[in-house]
Amino acid sequence: PPTIHLADYRPSDHLIDRVDLDIRLDPHASRVTALLALRPNPQGKVGAPLVLDGDELKLVSLAMDGEVLLENAYTASPSGLTIHRPPQRPFTLAIETEIDPTANTKLMGLYRSSGVYCTQCEADGFRRITYFLDRPDILSIYTTRIEASREEAPVLLGNGNPVGSGDVPGTDRHYAIWQDPHPKPAYLFAIVGGRLGSVTGRFTTSEGREVALGVYVEPGKEARADYALDAVIRSMKWDEEGFGRAYDLDVFNVVAVSDFNMGAMENKGLNIFNDKYVLASPETATDADYANIEAIIAHEYFHNWSGNRVTCRDWFQLCLKEGLTVFRDQEFSSDMRSRAVHRISEVRTLRARQFPEDAGPLAHPVRPKQYAEINNFYTATVYEKGAEIVRMLKTLIGEDAFRKGMDRYFADNDGTAATVEDFLAAFATETGRDLSHFAQWYERPGTPRIAVTGTYDAAAKTYRLDFRQTRPGAGADAPPLVIPVALGLVGEDGPLAARSERVQDGVFVLDKAEDSVTFESVASRPVPSLFRDFSAPVRVEINQSDAERLTLLRHDTDAFNRWESAQRVALRIIIAAARGGSETLDGAEGFADALAAFLDQEAVNDPAFAALMLALPSEGEVASEIGANIDPDAIFAARRRLREAIALRLRDPLIVLRERLAEPAGAPFSPDAASAGRRAFRNAALDLIAVADPDRGTVLAREQIAASGTMTDRLAGLATLSQIPGDAREAELAAFAERYAGEPLILDKWLAIQAAIPEDGTIARIRQLQQHPAFSITNPNRVRSLVGVFSLSNPTQFNRADGAGYALVAETVLALDKRNPQVAARLLTAFGSWRQMEPRRRAAAEETLRGIVAVGGLSRDVADIAGR
Ligand code: ZN
């Protein structure tokens, strides 16, 4: 497939000022008439042909300035429409196309989800609705008339404000007209038509605008939409307070659909969501679901400014809206919940998804320089590392300057399609700083490694830290990055006051390949606490003993590094055991003692944090830390042994704490962070109790499944049981499926639990589940829950030495590619770490990938990933 290069960007030769759409919905033959007001772009080439994008379109009629166009004046195909000699003045085109939304299994453009008409246009779905200049730097004012059978689609929604509606005389059809006063790129276009229930609310903006809010869901599920509506209101308020951003239309609607390729989409005034991220009730949703709903509602809402009012010039700038908006939703969630706990979960996600991506063949800069298929660049790197860059910028320039820079960015670029350079320019202007060196973060792939050594001079009472930065794969002449290192010193009895000229507000800026910091008046040998709050997305190499790390666990003022130092000890023990295969777990006892002391002092006060302390680094994280010649079975066994050692040591206190932290009988359910934190701790405790004593764990888990009123606890009970082979597990799995038959989102969790069972029988189990009524290859959520979870969360079985795990995933990818290439390609990214496996698995993975590449007729999406 042709590769598109950032360096080749040039402005469009034509502009589209206005788009008037008339969409007549029909299950198989929807008619779209687009009236486009075009003109030559003063920045474009004079006399250039007009080349409109299309994808699987059928042209019905075409007129220019009201006159039917002669056939030799244009060329049309399903994938494009070219007007050979367009006028050198403003003109209109009326284009009529016909599309079949029922046959649209790619879920891009206009499609039907459980009978509901909906659209997805990012990145290039609008060209599947009508011929268009489908690129984000073409901003137009849209008016949309939607017409449908009243019976089939009583609800008709569009972008902007509703300006008219009525019946179509003499038919069973009706229409609605929506007008969006804000110029927008086509990828933000959306309509919805269908039978939908709703909950509604109101919000008055800081500018005094009255906004009507609606959350639309499958009829009968309205009660499950309340939390999403509440999250919308909290998001609107937070963006006014935190960023000075008020909403700008009279209506804001969210619609939940059950077939959706991604999480959600920020269409102007009409956000469309995967129903998984809208629907919640205590009976049906876990605490994690509530947290995700809150975060994703906020994310899409925040796009209204960071994405919609200021959009992207081209798709290479995707991080401009995504990294920034992830940063904004992370800050929102941190304000709504515990900041430290949230930061830890952000970093876990980054390490689980982005670090491996950055270390393998799918690595790319946060702003890629080229792509073959843009849909393959909605990645952890663009989103999560992109957010880390914004966070580093804030750390470097400080909170006040950051806010002023953001205000300037919005003011200077409002209503335009901007670039990363525009973003940085706002901060450079505001602070007077040169940020061109910092900009390298957007250009370079790979996770930097920072090697640190500390030297204490007892006589001079100084402590020196030497830093050296490298990036895997980068040549010796590659420019160093600008890295904010938040740091401090800790002593045996607590934090040490330490001064250094190079440290301002607790931050040292490392912007050379090598540099050092010296602290004065350091009374005794300190332990350095580095990269506090994970101040940069790097790997740190420092020679620290377990004892030093456990000193940080006890005394650091930085909650993130307290957790991190315990994780580092666990990683060291697991990696040593995995490498040595030795029977002893060197250091496990000391580690377990430290955890016991921690629990004793802090579990009751901060159960959410304590739950995180109990969670060992995942097998994936251990693998990514080892980096080469990975044997997933050895990692699994080593991690399991450490878990057993900890579980045996902590069992008694955990039994006591689990009861102490129980919700009082009859207490009303709350999804808030405090209640969720108690549940998280109790369930982490249950899991460890079951490791120490499977019989007791089985009894407790079954009690919890039977007695609990929350989905969080029932599922946690089931997850614990899923790790204990036997009749109890199978009985509870069967009972759960029966209880929630007809609840696809809940059965997704049931599929996921089974996909993650680390046993040889799992592949056979998955093949059986693929035949179960709860599974369907046409629904992305089902596929991700079963096969996606298997590939990402079951490392020993996915990476089986006999290649059976790879074969299972490859089969699903190929079956899916014919229907939905985007989801198929995403599933295939699980192979991104294949080169790091030990030789036998590497060979099996390579053979599987070569088998995929050899298949004819692959989609561009899958061909691109398989090829890389
Ligand atoms: Zn986004």
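Q: In this predicted model, what share of the contacts between residues at least 6 apart in sequence joins residues at least 24 apart?
A: The contacts considered here are those in the protein between residues at least 6 apart in sequence. Among them, the share that joins residues at least 24 apart is 70%.

Q: How many helices and how many strands does the protein have?
A: Both kinds of element occur in the protein. The count is 25 helices and 34 strands.

Q: What is the radius of gyration of the protein, and why is the protein described as being as compact as a globular protein of that length?
A: For 868 residues the globule rule gives 29 Å. The value for the protein is close to this, so the protein is as compact as a globular protein of that length. Its radius of gyration is 28 Å.

Q: What percentage of the residues in the protein is buried?
A: A residue counts as buried if 20 or more other C-beta atoms lie within 10 Å of its own. Of the 868 residues in the protein, the buried ones make up 52%.

Q: How many nonpolar, polar and charged residues are in the contact of helix 9 with helix 13?
A: Helix 9 contributes A570, I573, I574, A577 and A578, while helix 13 contributes A634, I635, A638, R639, R641 and L642. By class, these are nine nonpolar, no polar and two charged residues.

Definitions and conventions. Residues numbered from 1 in each chain as written. Predicted model: local features only at pLDDT ≥ 70, side-chain atom pairs only at ≥ 80, totals over all residues. Contact = placed C-beta atoms within 7 Å. Helix = DSSP H or I, 4+ residues; strand = E, 2+ residues; numbered from the N terminus. Nonpolar A, V, L, I, M, F, W, Y, C, P; charged D, E, K, R; others polar. Rg over C-alpha atoms; globule rule 2.2 N^0.38 Å. Buried ≥ 20, exposed ≤ 12 C-beta atoms within 10 Å, placed from the backbone.
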